[in-house]
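Reader: I am new to this structure and would like to go through it with you. Could you show it first?

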There are 2 protein chains.
Amino acid sequence: MRILVLGGDGYLGWPTAMYLSARQHEVGVLDNFAKRGWELELNVEPLMPIHTLQDRVTAWEEVSGHRLPCFVGDLCDYEFVRNVVCDFRPDAIVHYGEQPSAPFSMIEQRRCVLTQMNNIVGTLNVLWAMREHAPACHLVKLGTMGEYGTPNIDIEEGFIEIEYKGRKDVLPYPKQPGSFYHLTKVHDSHNILFACRIWKLRSTDLNQGVVYGIATDETVKDPRLATSFHYDEVFGTALNRFCVQAVAGIPLTVYGKGGQTRGFLNIRDTLRCVELSILNPPQAGEYRVFNQFTELFNVLELAETVKREAEKLGCTVTINHYPNPRIEAEQHYYNPRHQKLLDLGLEPHLLSEVLLDSMIKAVQERRERIKPGVILPRTRWNGGSQPADAEEASAKS
Amino acid sequence: MRILVLGGDGYLGWPTAMYLSARQHEVGVLDNFAKRGWELELNVEPLMPIHTLQDRVTAWEEVSGHRLPCFVGDLCDYEFVRNVVCDFRPDAIVHYGEQPSAPFSMIEQRRCVLTQMNNIVGTLNVLWAMREHAPACHLVKLGTMGEYGTPNIDIEEGFIEIEYKGRKDVLPYPKQPGSFYHLTKVHDSHNILFACRIWKLRSTDLNQGVVYGIATDETVKDPRLATSFHYDEVFGTALNRFCVQAVAGIPLTVYGKGGQTRGFLNIRDTLRCVELSILNPPQAGEYRVFNQFTELFNVLELAETVKREAEKLGCTVTINHYPNPRIEAEQHYYNPRHQKLLDLGLEPHLLSEVLLDSMIKAVQERRERIKPGVILPRTRWNGGSQPADAEEASAKS
């Protein structure tokens, strides 16, 4: 199949492109390197050095023999999107091409508006280009489990049958996203559902949990093929950040009580879920949602697991309950369904001691690159961005 | 109270500003005249000539003795929004300042993206300016009953208690909007709910039905104070369009079977609902939704009512079932609640023969200005904009 990966320079986009390319698909990668610019603005960078997309494409061709046509441009530029769709004629589009950080979207007005515009317009342009030039193409869109929030009832996969005052209907699951970033994924979901309904497009919306890990069968083939590992407060996620803190001798920062429960998955499972979606496309006009995670953890459990494993490797680890910069429930019911991808054949890689051990060792090899100053949260949901120093003063251990 | 009306040059914004001004509030009007530009692009105009905002403000001061400070600029320009909020220091902001047409948003990619950007960014900017400079201000936001679509269960006011597998929660009512325009109102609702939750802002989201009528106590005081009456396929709504068709001897265009049921209200009730919301503000942090309509009609009933009244006035009227340019259910369950504004004291002006009689007479006085070419639908939900001629060929009477 011909598969176009939007955001092909990113943490998940790049490994997805190689994974699909290794499996004999014709894969193109598209990116405008916006995230690299945002990293520069905030003075954060991945722990392992990341080569340019063009150099990685060259390295992949050397290693695998497969070419990855590269399209450099902005999804918010409709002429560009239309030209790429016409040139590449994708059977499937995997859409990671969005601003991916909740804290980034909360820093200030400018970055909030940038996030919403970038994500919403990019996705609208993809939908219009599909409608005009590739109506049979399958849009595999990366959403987030964060679209649902933490309701006090079970979370279903995208839709819920509601019985109310003696009548019934199956309706879109009510959304309670927790940041301006998460809101963009909700807006995208509504826009995509509508486009499928009126234009008979087909789409799979992957409501993904928190991804951890950096190693895939392809990234380990050559150091130039590495994908980005973020541990900073803006682009890093909990497990990655904890591993870096454990190695650097910085207390693990659990936000608030740490009872926040979330779905997690290994990066290898992300790639397999995308592949399963592509291999089992929806019908014309069908919009479907898969909840894409394999395990539930609360944040404190995760910190304790990292502490245990890191101590085996000789680290000295403490855990800090940090004032929660976000506004979210710290103790809550959480029972999200995640059956559809298992039914398609997903065999989860669960979080194991082996995985944590190898992640911590990989961090240890790069410990000299850790910037401790970028880890503590500066972005507060109710007060914009503040210097980390002010935060440190009020930190409780 | 100090009340800022966004979109103060529009069909509802202008009468709202005068209504509140007449009731001793200090009212400011803000507009960038974008809609007048869109009218020029599409070669449509209101049936009655509309003076410039500045001239209407002057006329209102002559008639009433009340000044209306006028702010000319774009809600998408954050510096402008912030400066106005700082200068005017509103206690309440009434937000009509959005692209208001569903067909406009469906014409093509450019106008779809324009609609979503204009509406979403404008509202985000208002929220950020309130947070930074007017955190106690009450945002009265105009939404639409079209956010809900036509679910097979009762529609509540914004939230619904769901009992599911033995557990309960009160969650945002699931939304099924029917155009890229209606989607913007859903996106706004999600963004506003979130801003109220994290920043303790307060907002009333008025999910309004289809408004009809042009006469208010203020507009009738002087011809220069008239508000816009649209009958074209882009900015006109069903009842207004039917009155014009009846007078012009053009068959009333019922889209499809005409069983589409919607909530309707008189323009006078819109003004009263906004006033009731302002006089009874929500608490800090509270986001509430009022369903704002007074009666339900289906489109065919409405056409038959107009036909009956217009014939009494000597018109010869036929009704055409036109191929539906929209994608929507033409027969459906519809039972939306609309209790909260009644509880606050709303006394509805129901659609009566008297009202229709006076509307039809007002149209008759301006019949020489009717442009028959702008009435038939060109914008198809599944196929962009088409010349009216092609439509006429397939019209069924």
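Predicted model: local features only at pLDDT ≥ 70, side-chain atom pairs only at ≥ 80, totals over all residues.

Reader: Where does A:Asp9 lie?

Author: A:Asp9 is in the loop between strand 1 (2-6) and helix 1 (13-22) of chain A. Helices (H or I, at least four residues) and strands (E, at least two) are DSSP runs, numbered from the N terminus.

Reader: Is A:Asp9 buried or exposed?

Author: A:Asp9 is buried, at a relative accessible area of 8%. Buried means under 20% relative accessible area, exposed over 50%, and partly exposed in between (1.4 Å probe, protein chains only).

Reader: Which side chains does a polar contact join to that of A:Asp9?

Author: The side chain of A:Asp9 has a polar contact of 2.6 Å with that of A:Arg36 and one of 2.7 Å with that of A:Arg56. A polar contact is a pair of N or O atoms within 3.5 Å; within protein, one must be able to donate a hydrogen and the other to accept it, and residues adjacent in sequence count only if both atoms are side-chain atoms.

Reader: Turning to the two chains, how many salt bridges are there between chain A and chain B?

Author: There are two salt bridges between chain A and chain B, a salt bridge being a side-chain nitrogen of Lys or Arg within 4 Å of a carboxyl oxygen of Asp or Glu. B:Glu156 forms a salt bridge with A:Lys165, with the closest N and O atoms 3.1 Å apart.

Reader: Which element gives the most to the side of chain A that touches chain B?

Author: That is helix 6 of chain A, with eleven residues.

Reader: And what is the aromatic pair of A:Trp128 and B:Phe180 like?

Author: The pair is tilted, at 6.1 Å centre to centre and 35 degrees between the planes. Rings of Phe, Tyr and Trp (its six-membered ring) pair if their centres lie within 6.5 Å; planes under 30 degrees apart count as stacked, over 60 as edge-to-face and the rest as tilted.

Reader: Why does this pair join two chains?

Author: A:Trp128 lies in helix 6 of chain A and B:Phe180 in helix 7 (residues 180-199) of chain B, so the pair joins two chains. Both A:Trp128 and B:Phe180 are buried.

Methods:
Residues numbered from 1 in each chain as written. Chains lettered and ligands numbered in written order. Heavy atoms only, no water.
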